[in-house]
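Open the model in your viewer and keep the selection panel at hand. The tour goes from one selection to the next.

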Amino acid sequence: MATKPPTGDPVQDAPQVEAVQHAAAGLPAVAHSLRIAQQQMGVRRTARTLLKVNQKDGFDCPGCAWPEGDKRHTAEFCENGAKAVAEEATLRRVTPDFFAAHPVADLATRSGYWLGQQGRITQPVYLPEGADRYEPVTWERAFEILAEELTALASPDEALFYTSGRTSNEAAFLLQLFAREFGTNNLPDCSNMCHESSGSALTETIGVGKGSVSLEDLHQADLIIVAGQNPGTNHPRMLSALEQAKAAGAKIISVNPLPEAGMERFKNPQTARGMVRGAALNDLFLQIRIGGDQALFRLLNKMILETEGAVDTAFVGEHTHGYEEFAEAARAADWARTLTATGLEREDIEQALAMVLASKRTIVCWAMGLTQHKHSVPTIREVVNFLLLRGNIGRPGAGVCPVRGHSNVQGDRTMGIFERPSTAFLDALDKEFGITSPRHHGYDVVRSIQALRDGDAKVFFAMGGNFVAATPDTAVTEAAMRRARLTVHVSTKLNRSHAVTGTRALILPTLGRTDKDVQAGTKQFVTVEDSMGLVHSSRGNLAPASPHLLSEPAIVARLARAVLGPRSTTPWEEFEKDYGTIRDRVSRVVPGFEDFNARVARPGGFSLPHAPRDERRFPTATGKANFTAAPVEYPELPAGRLLLQTLRSHDQYNTTIYGLDDRYRGIRGGRRVVMVNPEDAHALGLPDGSYTDLVGEWKDGVERRAPGFRVVHYPTARGCAAAYYPETNVLVPLDSTADTSNTPASKSVVVRFEKARNDGRDTGH
Ligand code: SF4
């Protein structure tokens with residue numbers, strides 16, 4: 001029966017390797033989406049659900065944060081969106097009987113894939129101190145347990161309130177309000193692990209930590225540079241936007257250590273021509289060394305400065321600050337040394353320069369390939385330098401485009417989920433609610449793990465996500481989590497984090513995006529913000545997976561009432577009954593959300609203001625867009641080692657594993673693979689198909705080992721290797737992070753290869 005989960009643990013992890021593909025999407029993607037959707041939901045529910053994804057009266061895709069255009073197709077989703085929806089709208093259920101049959105120790109041996117395949121959690125469950133398995137608990141008792149632990153803390157700063165990027169604006173606003181009324185800014189979120197480097201660099205240089213382009217800008221661009229990003233798997237509908245831009249005459253340069261099928265050719269399933277032939281997207285592929293992007297943009301900037309008439313002197317003179325210092329550093333860049341960092345030839349960069357100089361409207365898009373290195377913040381600042389030189393910010397068809405990975409990760413930050421909130425935000429919050437928010441900064445993700453490890457944090461509460469699988473240094477993180485007095489997860493489905501518990505643990509099951517949300521007899525909706533600052537509603541249309549679920553806003557409201565009691569004058573009950581009352585408060589606290597309820601009621605929602613884009617106004621410390629002049633950095637690689645980047649497979653969304661294939665890269669039936677350039681593999685004595693252990697090298701001398709990976713000879717850049725996370729998170733040291741942003745440096749891990757102690761098939765997860 002299609003909707004039954006697999007019995008036993010299906011992870012054999014015996015990867016098979018086929019030919020790498022050179023085109024993405026098309027008929028195989030449609031077939032794959034429908035097969036997975038029908039396995040999880042059955043035929044009728046599949047049709048009913050998928051036709052509402054990303055529609056103006058439907059629900060927001062729980063996958064990535066790519067925006068929808070004004071005109072929607074009947075099928076407004078990609079293969080990975082369909083998989084994300086199927087996972088959530090599945091008919092499979094995890095009941096109390098399941099927990100009775102599976103002790104926590106058993107869950108800890110299961111793969112993430114197996115856990116996710118069991119289905120939706122139907123009731124709150126509790127792991128008492130000393131017990132070996134979760135047992136059913138009432139919601140009342142669950143909140144009492146939370147209140148017991150939180151009120152017993154020596155300081156509110158011993159509590160951590162984590163948010164994943166699925167959380168709606170309404171739930172996020174309530175969670176940060178509760179945390180601050182309780183007395184802490186410990187609001188780590190998944191942004192800390194992905195685009196924190198972008199936010200840090202953009203806030204300093206242009207005054208707004210978000211992207212400055214719309215879909216319309218992409219369609220109007222002359223040149224789009226896609227750096228450190230694999231849209232074919234991670235933001236698949238971005239390929240349609242690139243296709244449209246190309247049809248209007250844009251050129252595309254992709255910059256990546258691995259060639260990716262989606263950037264080579266996109267077979268748009270919405271058109272007959274697309275299904276058959278597809279469109280080539282790349283005009284130029286720069287196969288860069290991992291971590292060489294700052295060097296690349298520095299060389300482009302040097303050449304722009306040396307080309308007469310190439311700098312937009314009017315824009316630079318009127319709108320920028322720091323030009324002379326930057327120009328001096330860029331002109332002084334040493335060609336040979338800087339080129340070595342990129343792994344490219346000088347002709348490659350000259351070819352790119354010709355395309356840059358021919359463009360009047362240039363956009364740079366990027367993702368984790370730029371944000372997860374030690375020098376990520378200066379890298380993104382160098383991208384900004386590049387755009388400022390030719391006036392490519394605040395002009396149609398031009399700008400910065402950090403592409404966000406999870407559907408509301410940007411909105412959660414806008415709602416105040418941030419461990420370092422601005423004084424202006426806290427002042428507005430305090431005035432609206434008559435509270436006194438703490439002014440000292442809280443913990444981000446890495447500091448939260450350190451606080452748990454060191455006994456400085458004792459209660460961990462997660463609004464969604466899979467914290468221990470998403471975070472670095474798995475062994476350290478899991479040991480830290482086990483030191484907590486209470487771990488709490490608000491979840492729709494099982495994952496690894498439920499098996500790594502504190503002394504006591506709770507799982508609080510919640511509504512998903514696809515579920516109908518009725519409060520006090522009235523149907524509610526929530527809102528989200530996409531990667532381009534568009535805010536819109538999301539309305540589920542399915543009966544909830546169980547009558548025992550609470551929505552995320554309801555969970556926070558009841559938590560706040562249980563913990564704060566009568567000392568809080570915030571109308572938590574009213575917020576739970578009517579989410580419109582939450583939006584009324586947001587409209588008075590968060591700039592850009594004025595008249596929130598009325599504006600979000602419009603089909604398609606509304607766009608948030610962005611001063612650099614809208615007015616060429618730069619709210620920075622200098623009042624101008626800031627050029628910066630940092631020394632060029634790149635990862636050093638000792639002899640006999642490779643630089644490993646962790647990445648996703650195509651059957652994966654963040655830590656959710658939908659299947660064991662990575663179709664475009666030609667890998668099937670397993671995930672413990674390491675992709676190595678054939679020449680490097682030859683030099684290191686790593687035959688294709690052999691098994692190896694990956695051993696991380698870091699200055700602390702601690703051995704971090706990921707055992708049993710099958711070597712795959714793959715056309716990645718020389719000196720570089722790639723393998724999937726979360727399996728390789730164990731290799732990322734907790735204190736190997738980006739300067740300024742503290743984002744884990746998961747894209748530049750020095751590894752050596754040692755003879756495999758086993759072939760990886762008994763590793764479980
Ligand atoms: S591109 Fe992203 S938001 Fe759109 S359907 Fe695919 S996964 Fe969902």
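What follows is a list of stops, with a note on what to select at each.

This is a predicted model, in which local features need pLDDT of at least 70 and side-chain atom pairs count only at pLDDT 80 or more, while totals for chains, interfaces and linings use all residues. Residues are numbered from 1 along each chain as its sequence is written, and side-chain values use heavy atoms, with hydrogens and water left out.

**Stop 1: the ligand shell.** Select Asn-54, Cys-61, Cys-64, Phe-77, Cys-78, Gly-81, Pro-236 and Arg-237, the residues around the ligand; each has a heavy atom within 4 Å of it. Colour the shell by class to find 5 nonpolar, 2 polar and 1 charged. Here Ala, Val, Leu, Ile, Met, Phe, Trp, Tyr, Cys and Pro count as nonpolar, Asp, Glu, Lys and Arg as charged, and the others, Gly among them, as polar.

Stop 2: Is Cys-61 buried or exposed? Cys-61 counts as buried because its relative accessibility is 9%, and buried means under 20% relative accessible area (1.4 Å probe, protein chains only). Now select Cys-720, which is also buried, at 0%. A search of the whole structure for disulfides, pairs of cysteine sulfur atoms within 2.5 Å, finds 0.

**Stop 3: the largest pocket.** A pocket is an open set of points on a 1 Å grid over the protein atoms alone where a 1.4 Å probe fits, with protein on both sides within 12 Å along at least five of seven lines; lining residues have an atom within 4 Å of a point. Select Thr-203, Gly-207, Val-208, Gly-209 and Lys-210, which lie nearest the centre of the largest pocket among its 37 lining residues. Helices H9 (196-205), H22 (409-414), H23 (423-433) and H31 (611-615) each give two or more residues to this lining. Helices are DSSP runs of H or I, at least four residues, and strands are runs of E, at least two. The largest share, 5 residues, comes from H9. By class, the lining has 12 nonpolar, 16 polar and 9 charged residues.

**Stop 4: an annotated span.** Select residues 642-749, listed by UniProt in an unreviewed entry as "domain: Molybdopterin dinucleotide-binding"; such annotations may be inferred rather than shown by experiment. The span is 6% helix and 35% strand, and its end C-alpha atoms lie 8 Å apart.

Notes. Buried < 20%, exposed > 50% of the residue type's maximum accessible area, 1.4 Å probe, protein only.
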